[in-house]
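Please look over the chain shown below before reading on.

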Amino acid sequence: MDVNVLYNFNIEKEIDTICERVDELRGLENEVLNIKKYIKPCIYYKDMNIKSIEKDNVVLDEIEIDSAYLAKGLSGCHKITLIALSIGDELPKYSQEKYLSCELKKSSIADILGSHAVEIVIDKFHNYLVGKNLLKGVHSSLRFSPGYGDWDLRYQKNILDILKTHEDINVSSNFLLQPVKSVTAIVGWSYQIKETNYPTGYKSEICKGTNTCSNCRTWACKK
Ligand code: SF4
């Protein structure tokens, strides 16, 4: 299956109303209006078959992922969509420039806007995929990213390599995405309706607990 690339994914409506929904941006409509032009979404994605899912391992067409957390989250799925997306580097650069020139309020607004914008892009794109697959009777799993549970951050590099994102999205030696407002993720697809809660359970069942606790976004073993 081929890699698909989308530029100019439209989140204009969501950005235009963001100040009503995000407390930190309330009353800052003019500031957001001035910098929203720096948000330039790009989305890379590719469907892949699941060859097997074991207790702590998922084998896909082009990659094998060691993660008990992901294995549990994708159980019952027959395929996945691999995703890497970004809002581009212009807004983070603007934020950094303003920080360096001690215009801290402007820098902070741009940073907050960027964080929410990338979440809007991934949520809206996920919803788009959900709609497309539902027409075929296929249901979405939750969305998983490296750093969730025991899914090691080093897999960010494998995802970017598979999706050939290097013109737009890269990863540093300590596995931070560049531009910073970027995301990598997997969504699973199943003929059964999937769980609506992230996996929890005893640590040994859902997480090898090896490397990624400091990056863990679920703390599932603590729930
Ligand atoms: S906090 Fe728990 S769930 Fe998260 S990586 Fe560590 S052991 Fe795993």
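Predicted model: local features only at pLDDT ≥ 70, side-chain atom pairs only at ≥ 80, totals over all residues.

Residues are numbered from 1 along each chain as its sequence is written.

The chain holds eight helices and nine strands, where helices (H or I, at least four residues) and strands (E, at least two) are DSSP runs numbered from the N terminus. Its radius of gyration, 18 Å, is close to the 17 Å that the globule rule gives for 223 residues, so the chain is as compact as a globular protein of that length; the radius is taken over C-alpha atoms, and the rule is 2.2 Å times the number of residues to the power 0.38. The table lists further values for the whole chain.

| Property of the chain | Value |
|---|---|
| Span of the C-alpha trace along its principal axes | about 50 × 40 × 35 Å |
| Residues that count as buried | 36% of the 223 residues |

A residue is buried if 20 or more other C-beta atoms lie within 10 Å of its own, exposed if 12 or fewer, and partly exposed in between, with C-beta atoms placed from the backbone.

In soluble globular proteins, nonpolar side chains tend to be buried together. Leaving aside neighbours within four places in sequence, Val121 is in contact (C-beta atoms within 7 Å) with Phe9, Ile11, Pro41, Leu85 and Ile87.

Asp123 is found in helix 6, which covers residues 104–134, and this residue counts as partly exposed because it has 13 C-beta neighbours inside 10 Å. Although Asp123 and Arg143 are 20 residues apart in sequence, their C-alpha atoms are 9.4 Å apart in space.

Helix 5 and helix 6 pack at an angle of about 160°, with their axes 7 Å apart, the axes being lines fitted to C-alpha atoms over the stretch in contact and the angles running from 0 to 180 degrees between N-to-C directions. These two helices are therefore roughly antiparallel to each other, a term for angles over 145 degrees. Residues that meet across the pair include Leu91 and Tyr94 in helix 5 and Leu104 and Ala110 in helix 6.

Key:
Contact = placed C-beta atoms within 7 Å. Parallel < 35°, antiparallel > 145°, perpendicular 65-115°, else oblique.
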